[in-house]
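Please look at the sequence and the structure before reading on.

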Amino acid sequence: MAKARLAGFAILFSAHCCSMVLAVTLKSANENPVVKEFDRAELSCLIHSISTANPRIEWKKIHSEGPSYVYFQNKISGDLENRAFLLKPATLVITNATRSDTAKYRCEVTAANDQKSFDEILINLVVQVKPVAPTCTVPKSVPVGKSAELKCSESEGYPRPQYQWFRNREEIPEDPKSSPRYVNSSYTLNLGSGTLKFSAVRKEDAGEYFCRAKNQAGEAQCGPQMMEVYDLNITGIILGVLVVVVVLVCITVGICCAYKRGYLVSKKQTGNNYKTPAKGDGVDYVRTDEEGDFRHKSSFVI
């Protein structure tokens, strides 16, 4: 009886082992590798179990428009042709990863002699890119009490960098209340967008500013720029306005006086505006002929 049971267990165990061996199974040492740009990247695809001697191995890069071959018919293809190789049995190695390599990759193994003849595994590769020097905008001068905005932006780094602002080489904290030096400041700092906004600038806010962009791959910064803060001369502004008003009043009064005195009235004489010459005493001029000759007659009044 005992021998029969042992024989049964042996049969079941061997059947279980055969079912295990007759199924191709893939695993990965790292399904989410992260590397810096131009470093080596390994896309781990490990054949955990297989019975077929020469399985078919393929790698595909997954795009939004569909997959494309990376390893097919025992050779590298596509944009990885001269900078990748297959590490036996199925791991794909990229010798110098670039930002364009960030994508999902699928390892596919087909084992014709296995009961379960196909398996696949998805690897998500992220290539981190160091930021370049950001573009910084700092106002040159701002009056006390007015608002001011400092901007910092960078478009190359991946993942998207965080931004830091510095004044006189000292980092400006995200929360002004966290530092005794900035507790009275009225700024807001957005680390994600790189904007530093002052709602009311103080004299103490003057200084040399620069911005730094930073992510997991590295950091870069722009050159320092000076921001001056000056006081508004209220008295000078008021006096200037009064002087302008007085000048305008004087000009207006002068024009009115000139007009009233007739200096600005035109006195041109037309051809019909003349007086008839007065007659001489005791002489009448009478037209006597057609030629227009005149004769005079004397009239005396006694």
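## The disulfide of Cys-136 and Cys-222

Both Cys-136 and Cys-222 are buried. The model that shows this is a predicted one. The two residues are joined in a disulfide, with their sulfur atoms 2.0 Å apart. The link of Cys-136 and Cys-222 has -100 degrees about the S-S bond and is left-handed.

Cys-136 belongs to strand E12 (residues 135–137), while Cys-222 sits in the loop between strand E20 (218–221) and strand E21 (225–230). The pair is 86 residues apart in sequence, so the bond ties together parts that are separated along the chain.

## The disulfide of Cys-152 and Cys-211

A disulfide also connects Cys-152 with Cys-211, and here the sulfur atoms are 2.0 Å apart. Distant parts of the chain are linked by this pair: Cys-152 lies in strand E14 (residues 148–153) and Cys-211 in strand E19 (residues 207–215), 59 residues apart. This disulfide is left-handed because the torsion about the S-S bond of Cys-152 and Cys-211 is about -85 degrees.

Cys-152 has a relative accessibility of 2% and therefore counts as buried. Cys-211 counts as buried too, because its relative accessibility is 0%.

## The disulfide of Cys-45 and Cys-107

Cys-45 and Cys-107 are joined by a disulfide with an S to S distance of 2.1 Å. Its two ends come from distant parts of the chain, with Cys-45 in the loop between E3 and strand E4 (46–49) and Cys-107 in strand E10 (residues 103–110), 62 residues apart. The link of Cys-45 and Cys-107 is left-handed, with -70 degrees about the S-S bond.

Cys-45 is buried because its relative accessible area is 0%. Cys-107 has a relative accessible area of 0%, so this residue is buried as well.

## Cysteines and their pattern

How many disulfides does a search of the whole structure find? The search finds 3. With bonded cysteines counted along the chain, the disulfides follow the pattern 1-2, 3-6, 4-5.

Cys-256 is partly exposed, because its relative accessible area is 42%.

## An open sheet of three strands

An open sheet is formed by 3 strands in the order E3-E9-E8, with antiparallel pairing. Its edge strands are strand E3 (41–43) and strand E8 (84–87), each of which pairs on one side only. On average, neighbouring strands of this sheet are turned by 25 degrees against each other, direction ignored.

E8 pairs with strand E9 (residues 91–94) in the antiparallel sense, over 4 bridges. Phe-85 stands opposite Val-93 in E9. In general, strands of a sheet pair through backbone hydrogen bonds.

## Nonpolar cores

Which residues of the largest nonpolar core touch the most other members? They are Leu-43, Trp-59, Ile-94, Tyr-105, Cys-107 and Leu-125, out of 27 residues in this core. At least two residues of the core are supplied by each of E3, strand E5 (56–63), strand E6 (66–72), E8, E9, E10 and strand E11 (118–128). Another core, of 23 residues, lies apart from it, and its members include Leu-150, Tyr-163, Tyr-187 and Leu-196.

Nonpolar side chains tend to be buried together in soluble globular proteins. Cys-107 links two topics of this report: the residue is bonded to Cys-45 in a disulfide, and it is among the residues that touch the most other members of the largest nonpolar core.

Methods
Residues are numbered from 1 along each chain as its sequence is written. This is a predicted model: local features need pLDDT of at least 70, side-chain atom pairs count only at pLDDT 80 or more; totals for chains, interfaces and linings use all residues. Side-chain values use heavy atoms; hydrogens and water are left out. Two strands pair if DSSP finds at least two bridges between them. Axes are lines fitted to C-alpha atoms, for helices over the stretch in contact, and angles run from 0 to 180 degrees between N-to-C directions. A disulfide is a pair of cysteine sulfur atoms within 2.5 Å. Buried means under 20% relative accessible area, exposed over 50%, partly exposed in between (1.4 Å probe, protein chains only). A nonpolar core is a set of buried Ala, Val, Leu, Ile, Met, Phe, Trp, Tyr and Cys residues joined through side-chain atoms within 4.5 Å.
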